[in-house]
Amino acid sequence: MKPLTIQAPAALAAVLLMAAAGQAQEAEETTGIPVTDQLVIDTCVRCHAVDDDGMMTRVSYMRKTPEGWQQSIRRMVTLNEVELEPEIARDIVRYLSDHHGIAPEELRPARFEVERRLIDWSYEASHEGDEDVDRVCSSCHSMGRVVTQRRTREEWDLLMATHRGYYPLSDTQGFRRFGPPAPDATDTRHPMDKAVAELSGKFPLTTAEWSSWSATMRPPRLAGTWALKGHDPGRGPIYGTVEITEDADAANFTTRVRYGYARTGEQVEREGRAIVYTGYQWRGRSFVGGDEDTSLREVMMVERGWNEINGRWFAGAYDEFGPDVTLLRADGPVVLGLHPVALRSGDSGTVTVHGVNLPTGLGAADLDLGPGVEVVSVTRSDSEVVAAQVTASGDAAAGARDVFLAGRPVPGQLTVYETVDRILVTPEAGMSRLGGGAFPKGYAQFEATAYSNGPDGEPETDDDLDLGFVDVEWSMEEYSAVFDDDDIGYVGTLGADGLFDPALDGPNPDRQGLRNNVGDVWTVATWRGPDGEEVRGRAHLIVTVPLYMRWEPWRVQMVPGVPRRTSDTGSER
């Protein structure tokens, strides 16, 4: 083990000493979590003192996700010049995540943060939060980073002090109120003081959820075969299996993954490794043939009962690629879903039911697709697929049918429809980032879903029929915001698969004013029916500059020719 060295900036040291004094005054009233691991104590005690009760300054008074603890360690290494072997760092993250982690119920509302989802999320709406508090934190980073932590009031105060010490401009960016309060102001506190009061009340160290979970927490028993179902944006539904093998350490696993795309039949095989932190937080990485370029990071939750694991697998410079997945324990037959999910009245086609350990040799009588849909013949019946040639009668009532295979319900429904009336493009508001020069590109994937208006004949009402993922022709149109808007000629290109490829970052000498290739456009999906009908849908795409400041010290390597990041939690195995 290399020696640890710390050189804290003088400004930070002064601020922390002042804040620590307040923490010491409340020490007798504060309940913390003792640190009992000797490796953590030996490694961290040079900066974080341990008292007779095992309470370690700062560390005992906060709880975080594995990503949160990993970020703390990397901050120590990057900003305080701590020298630490990767193996030791991993063991420390493991211990702190298990003993100073957060409960499933605490994480669930903010899963988007660890699953790296680019979504429109509101702290004010989801946690009844104060918009001023939101502004204080999200000026520099996602509010999800905040709500995935739990701290004592004194520790929230110290966190604010740390920000002010490392980033003095945070005061002018929203931490402090400069000048007198407004004459009609009912709350004259500084924004950072309001934030400390709210966050310590909503996200305290001691909660009923953590007390309950920490009492029952143990390494989950996950070895065996799992059925996989998911959706890969732009490519559609996936079905397959995951073989999980438990290592000598009960929370470490190896995986063999095999799945296929229902729309194309493409098959994929992956191998990987994973760790489960805090008894439920799956963190892993898998590859095709060991090729680093095929790496997918896996962030999932093991549900109580150990019969379901769900989350997201992702890759990309901005974590923009990858499927949503659900794993179901496959001790017996598991029916996963069907494809396609819609059939036009009067049409014939092939409907496929996907699963694991399905009964074999099934016939037409074993597949029930509901009134008005005849199963003509079964063309394939094995343990993973039952494919049938089916016909929807011309007078079949429009609507969704429950589907049964050998008496077992099939997740989802088969919808019979008459016309495609609407195309919904998702995401309805997408964002892409220029790149390829000094910074990597941030791509945007779009896909189209068809809808029928349903019995009332009105669009976007409760009885609309979801017809599922459909193939369309993709194009772009100008989103006219000013006269002579020319963004469409500079922002990038939209592929035939709905993947937007942004243009080069940096000033463009061919563009008026030497501007960047930023702008906004419409992404347009055009569906063409068998009778020549045409239905269009569109979504708004904003193409902006790279994310220059990520507030994550390890991402400073994001330049061409240098690895995008150092290894993430669980990926070093």
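**Group meeting: contacts, domains and salt bridges**

Let me start with T255. Apart from its neighbours within four places in sequence, T255 touches V242, E243, I244, R270, E271, G272, R273 and W282. T255 sits in strand β5, and T255 counts as buried because its relative accessible area is 5%, where buried means under 20%. Keep in mind that this is a predicted model.

Strand β5 comes up again with helix α4. The buried residues of α4 pack against β5 (252-261), and also against α2 (38-44), α3 (66-80), α13 (208-216) and β6 (267-277). Which residues of α4 are buried? They are I88, A89, I92, V93, R94, Y95, L96, S97 and D98. The length of this helix can be checked.

Next, the domains. The assignment for the protein chain gives domain 1 (22-101), domain 2 (105-177 + 189-217), domain 3 (224-329), domain 4 (334-417) and domain 5 (422-544). The C-alpha centres of domains 1 and 2 are 19 Å apart. In contact across that pair are 23 residues of domain 1 and 22 residues of domain 2.

Now the salt bridges. The whole structure has 37 of them. One is E105 with R304, with the closest N and O atoms 3.1 Å apart. E105 is in helix α5 (residues 104-107) and R304 in the loop between β8 (291-302) and β9 (308-314), so this pair ties together parts 199 residues apart in sequence. Both partners are partly exposed, E105 at 38% relative accessible area and R304 at 48%.

A second bridge joins the side chains of E477 and R536, at 2.6 Å from N to O. E477 belongs to strand β24 (residues 473-478) and R536 to strand β28 (residues 534-544), so the parts tied together are 59 residues apart in sequence.

D486 lies in the loop between β24 and β25 (492-494), and R511 in the loop between β26 (499-502) and β27 (519-528), 25 residues apart.

Last, the surface. L118, M431 and I542 make a nonpolar patch there, with about 290 Å² of accessible area together. L118 is in the loop between α6 (111-114) and α7 (123-127), and L118 is exposed, at 69% relative accessible area.

Conventions:
Residues are numbered from 1 along each chain as its sequence is written. This is a predicted model: local features need pLDDT of at least 70, side-chain atom pairs count only at pLDDT 80 or more; totals for chains, interfaces and linings use all residues. Side-chain values use heavy atoms; hydrogens and water are left out. Buried means under 20% relative accessible area, exposed over 50%, partly exposed in between (1.4 Å probe, protein chains only). Helices (H or I, at least four residues) and strands (E, at least two) are DSSP runs, numbered from the N terminus. Contact means heavy atoms within 4.5 Å. Patches are made of residues with over 30% relative accessible area and no salt bridge: like charges are joined within 9 Å, nonpolar side chains (Val, Leu, Ile, Met, Phe, Trp, Tyr) within 5 Å. Accessible areas come from the Shrake-Rupley method with a 1.4 Å probe; for residues, only the protein chains shown count as cover. A salt bridge is a side-chain nitrogen of Lys or Arg within 4 Å of a carboxyl oxygen of Asp or Glu. Domain bounds come from an automatic or database domain assignment.
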